[in-house]
Amino acid sequence: MFTATKASGAVTSPPPRVPRRKGRAASDRGQIPSGFFVYGTLRPDDDSGASWTKSFTEGLEAEVAYLPGASLYIDGSYPAVCFEETACSVRGMLLRPPSTSTGATGLLAAKLAEADKIEGYPDLYSRTVATVLTDKGVTSPAYVYHRTGKFDRASRQRIADGDWLSRKR
């Protein structure tokens, strides 16, 4: 298996191959999302110091996941996903209520309202449901916040490996 070492010394694996249409993220708008695909300041391992990270991730299980057909950019101090005609993928986490949770639907609804506020939905970020692939090779529909057409990618720095934690600080 191929592995790479980041400047931080962390060993990473390349994202698993994701079944999808050529060059586009798979959309699951008709399916019920199991949770959230988070790629930046909502990731439980985020190192930016965002004040909302701990509160948002509380009560949710996290699993490494990848979003195909998307690229990650830095917009000021924050990450921004853009769906593109690309073979690239974004590395993040799939956050979802515990499988043993009896109140999973209510927790997901509460977290959705919280995420909408954090992400400035619908003005700053749009929200959609897309297929993500976990490290275990399981696909899952998840809410993804992404930048709208108002975002000028040409003037922003793209994170080549799609991982927020590897950005230059």
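User: Which residue in β9 does Gly35 stand opposite?
Analyst: Gly35 stands opposite Ala142 in β9. Strands here are DSSP runs of E, at least two residues, numbered from the N terminus. The model is predicted: local features need pLDDT of at least 70, side-chain atom pairs pLDDT 80 or more, while totals for chains, interfaces and linings use all residues. Residues count from 1 along each chain as its sequence is written, and side-chain values use heavy atoms, without hydrogens or water.

User: How many bridges join β3 to β9?
Analyst: Two, linking β3 (residues 35-38) and β9 (residues 139-147), which run parallel. Pairing takes at least two DSSP bridges between the strands.

User: What do five strands form?
Analyst: A closed barrel, β3-β7-β4-β8-β9, with mixed pairing. Its neighbouring strands are turned by 45 degrees against each other on average, direction ignored. Axes are lines fitted to C-alpha atoms, and angles run from 0 to 180 degrees between N-to-C directions.

User: Switching topic. What's the order in the open sheet?
Analyst: β6-β5-β10, three strands with antiparallel pairing. The edges are β6 (78-83) and β10 (157-159), each pairing on one side only. Neighbours in this sheet are turned by 40 degrees on average, direction ignored.

User: And which residue faces Leu72 there, standing opposite in β10?
Analyst: Ile159. Three bridges join β5 (residues 70-75) to β10.

User: What's the average pLDDT?
Analyst: The chain averages 87, and 83% of residues score at least 70. pLDDT is the predictor's confidence per residue, from 0 to 100. Over residues 1-8 it is below 50; that stretch has 17 contacts beyond near neighbours in sequence. Contact means heavy atoms within 4.5 Å. Residues 18-24 are also below 50, with 14 such contacts. Where pLDDT is low, the predicted coordinates should not be read in detail.

Technical notes:
Helix = DSSP H or I, 4+ residues; strand = E, 2+ residues; numbered from the N terminus.
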